[in-house]
Amino acid sequence: MRCYKMIDFDNPNTFPKELKNWGTEFEKMILRKVNTNNIEEGWQIEHQLQGIRVGESKLVTDFVKENMDIEIVVCHCARILDENEYWKHGLVTAGGKNNAGERRLRKLLVDIGLDEDKIEEVFSHVYYLWNCNKQSKTKSVHFFIDKSQVYKNDQLNYFAVNLGGEILRWSLKAMDRDLYKEEPYKRLWIMGTPCVITFKVKLDDIYETDRNSLIAEIVKYNIMKDIFGFDYEFKFTGMTVGDVPPENILSIEEIRDYIPMQEKYPDYKGFYDELKS
């Protein structure tokens, strides 16, 4: 195993050089399978690369096998009340029923003034969603790899729209689509700060089915730049295996101009007026 610095997708200089050493046969295969006729924009080539399964190539599989200890810089979006909690405890997964996630959500709902019957109604939906996919919903931290995507992809920045995360948001939506506009539920959308949390994670601590695809992003970046002369935009998302310890958190930053991002959509027109006064 070679010794690398952390791979940071915001800094291509950190990409391992050997992920360019694909050999003549691999390059011939790429040129054979990618049709460059009438290509005007990079996405037209990116789309074709998806069908080549770069993540299954020997170049990628060998690298993953030999470098499970390499650290990757990744990002997570959340709306947070107290930044110090993250520096103290890290990113803690929900864990499911009777675990940390339930305690956090119950306290949050009590703090906004929701009565006990309503809290139990909310949790009937939370439990259902947790049980639909326990690995994804209760045992992982979801991440993306290019911090700039938070300003380009509203599906990513939407993870910071409310306290309690998407499971709580989906649970309230199951009760009533417009419940987020009503008090006290609206407090979950108004309180706190929308943030992007950057942390490091070892390849070994990334969900197994995501590892090859993650490293393949670097190879596809190199293919786009070196073979075809186009830029490549990293849109990959993945999951950790378990919690992120506090010592792995690198930064916590407020997402700039978050209100205008949401006000583009009819559901949030005028929604944040109280924060503007």
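Analyst: Helices α1 and α11 pack at an angle of about 75°, with their axes 12 Å apart, where axes are lines fitted to C-alpha atoms, for helices over the stretch in contact, and angles run from 0 to 180 degrees between N-to-C directions. That angle makes α1 roughly perpendicular to α11, a label that covers 65 to 115 degrees. From α1 the contact (heavy atoms within 4.5 Å) is made by Phe-26, Glu-27, Ile-30 and Leu-31, and from α11 by Val-219, Ile-223, Ile-227 and Phe-228.

This is a predicted model, in which local features need pLDDT of at least 70 and side-chain atom pairs count only at pLDDT 80 or more, while totals for chains, interfaces and linings use all residues. Residues are numbered from 1 along each chain as its sequence is written, and side-chain values use heavy atoms, with hydrogens and water left out. Helices (H or I, at least four residues) and strands (E, at least two) are DSSP runs, numbered from the N terminus.

Within α1, which spans residues 23–33, the buried residues are Phe-26, Met-29 and Ile-30; buried means under 20% relative accessible area and exposed over 50%, with a 1.4 Å probe and protein chains only. These three cover an arc of only 100° around the axis, which puts them on the same side of α1, the arc being that of the directions from the helix axis to the C-beta atoms. An α-helix has 3.6 residues a turn, so residues three or four places apart point the same way. On the other side of α1, Thr-24, Glu-25 and Arg-32 are exposed.

The buried residues of α1 pack against α2 (42–49) as well as α11 (208–228). Not counting residues up to four places away in sequence, Ile-30 touches Leu-49, Ile-52, Ile-223, Ile-227 and Phe-228.

Ile-30 also belongs to the largest nonpolar core, which has 49 residues, and it is listed among those with the most contacts inside that core, together with Phe-9, Ile-72, Phe-199, Val-219 and Ile-223. Such a core is a set of buried Ala, Val, Leu, Ile, Met, Phe, Trp, Tyr and Cys residues joined through side-chain atoms within 4.5 Å. The elements that give two or more residues to this core are α1, α2, α3 (58–66), β2 (71–80), β4 (193–202), α11 and β6 (249–254). Its largest share, ten residues, comes from α11.

Methods
Parallel < 35°, antiparallel > 145°, perpendicular 65-115°, else oblique.
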